[in-house]
Amino acid sequence: MTVKYEFKEHLIETQYKNETAMLKELDRGNYTMENPLIKYNPYVVNALSAVILFETEEEVGMVVRVKGKTPEADFYQAFPKAKRHVLPIVGLYSDYENKIEIHPWQKPDQVVTHTIKTPKTPNSDLVHSMETTAEYMQDNLMILSCATSDFVIGVDNQGDVRLEFTVPILWDIKHLDNGNILVGSDRLIKMPYFVSGMYEMSLVGKIYKEYRVPRGYHHDQCVLPNGDIVALNCDWDNATVEDQAVLIDKDTGAVKKVWNFRDFIKPGSQKSGSWSDEDWFHCNAVWYDEQTNSLTFSGRHINSMVNIDFDSGELNWIISDPEMWAEEYQKYMFTPVGDGDFGWQYEQHSNLITPLGDVMCFDNHHWGSQNPDKYLAAKDNYSRGVKYRIDTDKMEIEQVWQYGKERGHEFFSPYICNVKYYNEGHYLTHSGGITYTADGEPSEELGPFAQLDDPNADLRSITVETIGEDKMLELKVKSNYYRANKYPAYNTYGNNLALGRGKLVGDIGETLQMDYDIPAEDTGELLPDTHEGRLVEEADMFTFHAKFAKGQLVMLLLEGEEETRRYFISTAKGKRGAMCAGTFLSADDRDTRTGVTKEGMKGAYKVKVIVDDKKYDTGLTIHA
């Protein structure tokens with residue numbers, strides 16, 4: 001039996017085929033506002049979406065009302081004048097006969113109502129509670145990006161799920177000026193969570209562009225005033241991860257600049273409790289400040305927020321507990337001042353700079369110290385949002401706000417999470433990685449690992465918005481979620497769907513090869529069925545899946561006419577100190593998943609596998 005083979009079409013191609021078929025059906029029929037063509041989730045990404053299509057004899061604007069279960073949960077949107085109407089519908093409920101009202105602009109007396117029956121979706125029951133008011137929340141959704149096998153959801157002011165993605169789209173969700181969102185792709189190129197790049201897409205699920213990022217995009221990105229994108233990636237050349245950033249051209253996706261973090265921080269200069277040689281910095285956030293033309297990076301594994309000059313890459317300052325830092329870095333450190341409470345942040349996430357120049361982050365407070373002798377257990381720990389005021393002339397720092405410490409371990413999240421700045425005194429604090437054991441004790445494990453060890457582990461997220469001392473919103477969800485972002489279901493810009501095929505731009509990068517052979521007997525046999533080999537090919541990469549025992553020596557070979565390419569398959573089962581998205585983890589620790597891009601490949605390659613001292617064929621050939 002040969003290794004199983006599957007070709008996986010890019011979502012952009014699937015969406016284009018569906019859209020083309022949908023528009024042809026519109027052209028063939030006589031669809032009117034009273035009798036429209038209704039397509040449920042034609043872009044396959046948002047299970048609580050649809051498209052309504054029809055034509056009118058005259059150009060006229062249209063108003064859509066997606067009716068909520070209460071009037072306060074209604075969503076409204078006006079669409080520009082047209083004769084051919086292709087209306088994106090978002091904000092549907094799961095397992096519900098959704099009512100959609102449509103009428104011409106300023107003619108509510110001509111309203112017609114249509115029904116869209118939706119199926120039961122997997123994550124529609126994850127909300128535990130929502131405490132807020134419709135007046136405060138208005139027509140926004142609180143959108144939570146995934147950290148486990150529970151995918152992205154959006155929650156309305158009543159606590160109902162009104163958006164739910166069907167694919168594992170990871171990392172932070174940024175709202176663009178044109179009304180679209182920028183979010184990580186679902187295409188894994190390296191375990192545990194390094195993906196091919198970022199999608200620009202609408203909430204109805206249509207992908208307009210994939211920005212491919214060399215060496216694996218992860219965690220975060222920021223959009224510059226000119227529209228270019230700073231994205232986090234990896235320094236694979238030095239066998240390290242999460243320690244590099246690239247500047248991506250907004251139009252072509254080309255890399256215009258690279259910042260390698262070892263140029264301003266020596267690896268090993270500081271070590272948090274989760275530090276490793278491979279993941280020495282663990283950058284989980286990037287922020288551009290136009291006032292100072294600088295980038296601020298959040299280094300979880302050095303307990304630091306690090307600011308550098310955008311152009312030169314030179315180090316400006318470090319916000320970190322100075323204990324155990326080398327003398328050469330002390331001049332970049334701040335001295336605490338002020339009469340109020342002060343505490344340093346540990347293994348923080350989601351740093352940002354406010355319009356007034358203050359620095360905020362989510363202080364996970366994991367381990368709670370630079371010094372291993374002072375580490376805190378989960379039951380004695382806390383997490384919080386925090387804001388610091390800094391004076392870079394005097395190198396002084398003052399803590400001016402915090403939320404979460406007073407809630408103790410109830411709010412403790414050792415990984416992920418974020419803060420948002422809306423205005424002075426108006427903030428979001430999202431503790432997305434709260435985990436308890438089946439016995440009800442705060443877990444020392446990160447959520448994805450706790451879930452693998454014990455299916456009864458209790459995973460939670462708590463999202464809070466405050467204005468001054470007043471709590472305006474508290475959302476509790478029965479899962480871990482990476483970040484929370486509040487965005488309108490509809491928006492002023494980008495109301496109409498932009499029709500046509502999406503684009504793939506940029507360079508996915510070449511997968512690192514091994515530079516040595518493993519001596520092995522060529523058996524001439526197919527890979528044994530016990531390994532459950534499977535190869536999934538895409539247009540620009542492929543992924544080899546197989547099961548191997550812990551510690552086996554395994555290599556994937558691509559044998560071409562002019563070259564042989566060699567890729568090491570890790571069978572080590574040690575747990576990482578950070579697992580910010582366990583979405584791709586398997587419950588079976590024998591599973592391996594090896595992604596290989598087609599960059600640099602030419603012609604045809606026979607796919608073979610070395611297991612210990614024997615070489616096997618797969619019966620498959622890859623064409624570049």
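Strand β17 is joined to strand β18 (residues 244-248) by 5 bridges, and the two run antiparallel. Within this pairing, A231 has V246 of β18 as its bridge partner. Strands here, like helices, are DSSP runs numbered from the N terminus (strands: E, at least two residues; helices: H or I, at least four residues), and two strands are taken to pair if DSSP finds at least two bridges between them. The model is a predicted one, in which local features need pLDDT of at least 70 and side-chain atom pairs count only at pLDDT 80 or more, whereas totals for chains, interfaces and linings use all residues. Residues are numbered from 1 along each chain as its sequence is written, and side-chain values use heavy atoms, with hydrogens and water left out.

On its other pairing, β17 is joined antiparallel to strand β16 (residues 221-223) by 3 bridges, with C222 facing its bridge partner V230 in β17. The two strands form a hairpin with 5 residues between them, and G227 in the turn adopts a positive phi of about 95 degrees. Strand β17 (residues 229-233) is largely enclosed by the rest of the structure, because 5 of its 5 residues are buried; the term buried denotes under 20% relative accessible area, exposed over 50%, and partly exposed the range in between (1.4 Å probe, protein chains only). In a regular strand the side chains alternate between the two faces of the sheet. In β17 both faces are covered, with I229, A231 and N233 buried on one side and V230 and L232 buried on the other.

The cysteines of this region were examined next. The structure holds 0 disulfides, a disulfide being a pair of cysteine sulfur atoms within 2.5 Å. The closest cysteine sulfur to that of C222 belongs to C283 and lies 10 Å away, too far for a bond. C234 is likewise in no disulfide, the nearest cysteine sulfur, that of C283, being 10 Å away. C222 counts as buried at 7% relative accessibility, and C234 counts as buried at 0%.

Strand β26 (residues 359-363) pairs with β27 in the antiparallel sense over 5 bridges, and V359 stands opposite Y388 of β27. Strand β28 (residues 396-403) also pairs with β27 in the antiparallel sense, over 7 bridges; here K387 has W401 of β28 as its bridge partner. The hairpin of β27 and β28 has 4 residues between the strands, and M395 takes a positive phi near 55 degrees.

An open sheet is formed by 5 strands in the order β7-β32-β31-β30-β29, with antiparallel pairing. Strands β7 (127-131) and β29 (418-423) stand at the edges with a single partner strand each, so one side of each is left without a neighbour in the sheet. From one strand to the next the twist averages 15 degrees, where axes are lines fitted to C-alpha atoms, for helices over the stretch in contact, and angles run from 0 to 180 degrees between N-to-C directions. Within the sheet, 9 bridges join strand β30 (residues 426-436) to strand β31 (residues 458-467) in an antiparallel arrangement, and T435 has L459 of β31 as its bridge partner.

Two loop residues were also considered. R300 lies in the loop between β21 (294-299) and β22 (304-309), yet counts as buried at 0% relative accessibility. The side chain of R300 makes a polar contact with that of E347 at 3.0 Å; such a contact is a pair of N or O atoms within 3.5 Å, of which, within protein, one must be able to donate a hydrogen and the other to accept it, and residues adjacent in sequence count only if both atoms are side-chain atoms. A549, in the loop between β37 (541-547) and β38 (554-560), is partly exposed, with a relative accessible area of 39%. The C-alpha atoms of A549 and G61 are separated by 62 Å, these residues being 488 residues apart along the chain.

At the level of the whole chain, the division is into domain 1 (31-118), domain 2 (127-506) and domain 3 (521-623), with bounds from an automatic or database domain assignment. The centres of domain 1 and domain 3, taken over C-alpha atoms, are 47 Å apart. An unreviewed UniProt entry lists residues 37-118 as "domain: Arylsulfotransferase N-terminal"; UniProt positions follow the numbering used here, feature names are shortened, and annotations may be inferred rather than shown by experiment. The span of residues 37-118 is 0% helix and 63% strand, and its end C-alpha atoms lie 16 Å apart.
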